[in-house]
Amino acid sequence: MRLRSLANTQYPANVPQNVDKRFLFTVGLGTNPCLKNKVCQGPTNTTKFSATVNNISFILPSTALLQAHFFGQSNGVYTTDFPVSPSIKFSYTGFPSNQTVTVMNGTKVVVLPFNASVELVLQHTSILGAESHPLHLHGFNFFVVGQGFGNYDPNKDPKNFNLVDPVERNTVGVPSGGWVALRFRADNPGVWFMHCHFEVHISWGLRMAWIV
């Protein structure tokens with residue numbers, strides 16, 4: 001990556017050097033069946049577009065996540081089994097890009113211990129088309145330590161991470177046909193959304209939540 005922060009000895013970039021929690025999230029599109037007796041404008045008349053993180057299209061609960069968490073009433077509101085890596089593995093950026101995957105739907109979150117250091121790789125998928133997704137994380141700034149095109153290689157790509165003076169952001173574009181790696185420290189207790197900044201993709205379910 002060519003972009004660098006203005007970090008110096010007076011204002012260092014406090015990039016987590018050691019990682020407590022690692023995640024690989026795929027970001028992209030998929031399909032859901034139409035409701036009974038409905039015609040949808042998806043890839044077929046019987047399907048509708050959905051957007052997912054790790055193949056899960058997020059459903060907003062009727063009770064606020066923070067309220068349910070604060071009062072210990074998560075049962076029936078959300079579950080804490082959001083996958084740390086894709087449940088369906090394939091060549092994420094391969095072609096043809098008109099392949100379809102029926103997605104899972106749910107209100108699932110990731111629970112992080114307070115002050116844990118997190119490494120998150122966001123991997124674009126080419127299903128139903130390729131475009132950059134601007135992902136926004138509430139509650140934290142993160143360091144963009146690496147990015148590339150194609151499928152992320154956990155054995156090769158971390159060797160090129162910038163852990164000295166990377167840019168610090170709260171929104172990052174997941175490259176079309178590529179990946180981006182982030183690091184942050186979970187030092188802000190609460191329930192925090194992460195979502196695409198394309199309004200239509202939010203409505204299609206491209207969002208998830210972290211509980212610290």
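Contact here means heavy atoms within 4.5 Å. All views show a predicted model.

**View 1. Leucine 122 and its partners in contact.** Neighbours within four places in sequence are left aside.

**View 2. The largest nonpolar core.** This core has 31 residues. Those with the most contacts inside the core are Phe25, Leu112, Leu122, Met194 and Trp210. Two of these residues, Phe25 and Trp210, return in the next view.

**View 3. The aromatic pair of phenylalanine 25 and tryptophan 210.** A pair of aromatic rings is described by the distance of the centres and the angle of the planes. The model has 12 aromatic pairs. Phenylalanine 25 belongs to strand β1 (residues 21–33), and tryptophan 210 to strand β13 (residues 207–211). The pair therefore ties together parts that are 185 residues apart in sequence. Both phenylalanine 25 and tryptophan 210 are buried.

**View 4. A cluster linked by ring pairs.** Phe23, Phe25, Phe82 and Phe140 belong to this cluster. Phe184, Trp192 and Trp210 belong to it as well.

**View 5. The largest pocket.** Its volume is about 160 Å³. Arg22, Phe23, Leu24, Glu119 and Val121 are among the lining residues. Tyr152, Pro154, Pro158 and Arg183 also line the pocket. The elements giving two or more residues to this lining are β1 and β6 (116–124). Strand β1 gives the most, with three residues. The lining divides into six nonpolar residues, no polar ones and three charged ones.

**View 6. Asparagine 55, a residue with positive phi.** Most residues other than glycine have a negative phi. The phi of asparagine 55 is near 65°. Asparagine 55 sits in the loop between β2 (47–53) and β3 (56–58). Its relative accessibility is 11%, so asparagine 55 counts as buried.

**View 7. Asparagine 115, with a positive phi although it is not a glycine.** Here phi is about 75°. Asparagine 115 lies in the loop between β5 (109–111) and β6. Is asparagine 115 buried or partly exposed? At 36% relative accessibility, asparagine 115 counts as partly exposed.

Note on methods. Residues are numbered from 1 along each chain as its sequence is written. This is a predicted model: local features need pLDDT of at least 70, side-chain atom pairs count only at pLDDT 80 or more; totals for chains, interfaces and linings use all residues. Side-chain values use heavy atoms; hydrogens and water are left out. Rings of Phe, Tyr and Trp (its six-membered ring) pair if their centres lie within 6.5 Å; planes under 30 degrees apart count as stacked, over 60 as edge-to-face and the rest as tilted. Helices (H or I, at least four residues) and strands (E, at least two) are DSSP runs, numbered from the N terminus. Buried means under 20% relative accessible area, exposed over 50%, partly exposed in between (1.4 Å probe, protein chains only). A nonpolar core is a set of buried Ala, Val, Leu, Ile, Met, Phe, Trp, Tyr and Cys residues joined through side-chain atoms within 4.5 Å. On a 1 Å grid over the protein atoms alone, a cavity is a set of points where a 1.4 Å probe fits but cannot get out, and a pocket is an open set with protein on both sides within 12 Å along at least five of seven lines; lining residues have an atom within 4 Å of a point. Grid points are joined across faces, edges and corners, and a volume is the space filled by probe spheres set on the points. Ala, Val, Leu, Ile, Met, Phe, Trp, Tyr, Cys and Pro count as nonpolar, Asp, Glu, Lys and Arg as charged, and the others, Gly among them, as polar.
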